[in-house]
Amino acid sequence: MTTLPPRSRKVRILATLGPASDTPEMIRALFVAGADAFRINMSHGAHEDHAARIAIIRDLEKEFHRPTTILGDLQGPKLRVGTFEKGLAILETGAPFILDQDETPGDARRVNLPHPEIYAALVPETRLLLDDGKLVLRVKTIGENRIDTIVEVGGTLSNRKGVNVPDVVVPVPALTDKDRRDLSFAIEQGCDWIALSFVQRPEDLAEARKLMGGYGALMAKIEKPSAVQRLEEIIELADGVMVARGDLGVELPPQAVPPLQKQIVATARRMGRPVVVATQMLESMIKSPSPTRAEVSDVATAVYDGADAIMLSAETAAGDWPVEAVAMMDSIAHSVERDPGYFGRLHYTETRPDPTTADALAESAGNIVDVVGASAITCFTSSGSTVRRVARERPSAPILALTPRSDTARKLGLTWGVHAIRTKDIGNFEEMIGKARRMALRHGMAEKGGKIVVLAGVPFGTPGSTNVLHVAAVRGDELKGRDEG
């Protein structure tokens, strides 16, 4: 059996797969280098390519006997201009420019915008951002089939470039026909998380949740200013959130993104939802074997803020140095977490427990770890809710999640500080303590003479019934004569 010890860092690493990382050898190398979870980007590639990568990840799971997390990231509604007669046009600053519903190829005076919902949502003096914000139009008048604008920031605009509408909520459906097909595929393939792009309001999550039919976990990508305005409502309805800084940085001034990142991370932590920080974290490593100092600092900031996971996009999907990018991110995270001031910074964000037994025990577990010097918190869980409650408190000891459900173990792969194991269920208190000791020893989270904190619910196997906290001493001989947990 191939073994790999549990990660010694708390923050998780999410690596995007793509043309640079689609072989068994490369995906295995990314995992060994530190990738805890893999992102399948539905914006690119065919279903058969994604299915092949997913199969490789599941084979990896069997090789290492460790649940491995897969996130299927839906493209979401993309707003684009039409085509130009010459393939492109130069828009002069200060000149008028028309967007209309005429499909005739455009020129420097006009172009097709085939999205009626934009016409209905706009008001005078709002902005339209083209080609990731490189060009800016200011809306002057809006008709049923025509928008008259003035070019505020000019430049070259080519066929089918994207359009961002930052100042109003555009009533586009959260899921396109392509997204529905991709979502169905992701569920069939057993993706553990589904990421929903361009969420604008809480209602956007409803259709995806319904189509998922209770399978998997739903992640809301926060990349629109309108989503930030209703952040808590969105987080309440999602299982996790992603700070998608790419589009946030297009629709907002660059200097507005760092404080928003901190706000989203802190809010998600307070509400007990896993939060991923994504986009351009080690961007220069797409072409360079080493990152810039600014990128290193950016990754470190997300770790200091207590993000559950940090993500690599093109660095691992299409870059020249995918393994080195994962190894660098792993190294930065380790360095931050070894900082004596790390846990003090983590707890700048106050996470008040709800008035429930489960929350009281989760908070107490972290305090007991520090008082008695326990080496791990072992949680027996069916749904994963106990583990997420404990992780929300950011305890100093690692969290060993023991569950009979492989889907729960996989979903926990994006949760801070958690090493999840699928194991047989327990039937009584003595069996619980014995198994907790054995699994902590087997996975290197306890040593002879050490202590572990054990959390579980009675009656056993009942989701949401956490009501037992126990401190157990490890003798060191618990594994003698036993082949499995």
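Val372 is partly exposed, with a relative accessible area of 34%; here buried means under 20% relative accessible area, exposed means over 50%, and partly exposed lies in between (1.4 Å probe, protein chains only). The residue belongs to helix α14 (residues 357-372), where helices (H or I, at least four residues) and strands (E, at least two) are DSSP runs numbered from the N terminus. Together with Val371 and Val471, Val372 makes a nonpolar surface patch of about 240 Å². Patches consist of residues with over 30% relative accessible area and no salt bridge, like charges being joined within 9 Å and nonpolar side chains (Val, Leu, Ile, Met, Phe, Trp, Tyr) within 5 Å. Accessible areas come from the Shrake-Rupley method with a 1.4 Å probe, and for residues only the protein chains shown count as cover.

The model is predicted, so local features need pLDDT of at least 70 and side-chain atom pairs count only at pLDDT 80 or more, whereas totals for chains, interfaces and linings use all residues. Residues are numbered from 1 along each chain as its sequence is written, and side-chain values use heavy atoms, with hydrogens and water left out.

A UniProt record, in an unreviewed entry, places the feature "domain: Pyruvate kinase barrel" at residues 9-326; UniProt positions are given in the numbering used here, feature names are shortened, and annotations may be inferred rather than shown by experiment. Over residues 9-326 the chain is 34% helix and 24% strand, and the end C-alpha atoms lie 13 Å apart.

Five of the five residues of β2 (residues 37-41) are buried, so the strand is largely enclosed by the rest of the structure. In a regular strand the side chains alternate between the two faces of the sheet. In β2, Ala37, Arg39 and Asn41 point one way, while Phe38 and Ile40 point the other way. Strand β1 (residues 12-17) runs parallel to β2 and is joined to it by four bridges; two strands pair if DSSP finds at least two bridges between them. Phe38 of β2 is the bridge partner of Ala15. From β1 the chain passes through helix α1 (residues 24-33) to β2 in a right-handed β-α-β crossover, meaning that, with the strands pointing away from the viewer, the path from the first strand over the helix to the second runs clockwise. Strand β3 (residues 69-73) also pairs with β2 in the parallel sense, over five bridges, and here Phe38 stands opposite Ile70. A right-handed β-α-β unit is made by β2, helix α2 (residues 47-64) and β3.

Leu128 stands opposite Leu137, and Arg127 has Arg138 as its bridge partner in β8. The two strands form a hairpin with four residues between them, and Asp131 in the turn has a positive phi of about 55°. Glu125, in the loop between α3 (116-121) and β7, has a positive phi near 80° and is partly exposed, with a relative accessible area of 43%.

Salt bridges, defined as a side-chain nitrogen of Lys or Arg within 4 Å of a carboxyl oxygen of Asp or Glu, number 38. One of them joins Asp22 and Arg53, whose closest N and O atoms are 3.7 Å apart. This pair links distant parts of the chain, Asp22 in the loop between β1 and α1 and Arg53 in helix α2, 31 residues apart. Asp22 is partly exposed at 34% relative accessibility, whereas Arg53 is buried at 9%. Glu251 and Lys224 form another salt bridge, with closest N and O atoms 2.9 Å apart, and both residues are buried. Arg273 and Glu236 meet at 4.0 Å, N to O; Glu236 is partly exposed, with a relative accessible area of 49%. A network of salt bridges links Arg7, Arg9, Arg12, Asp36 and Asp330.
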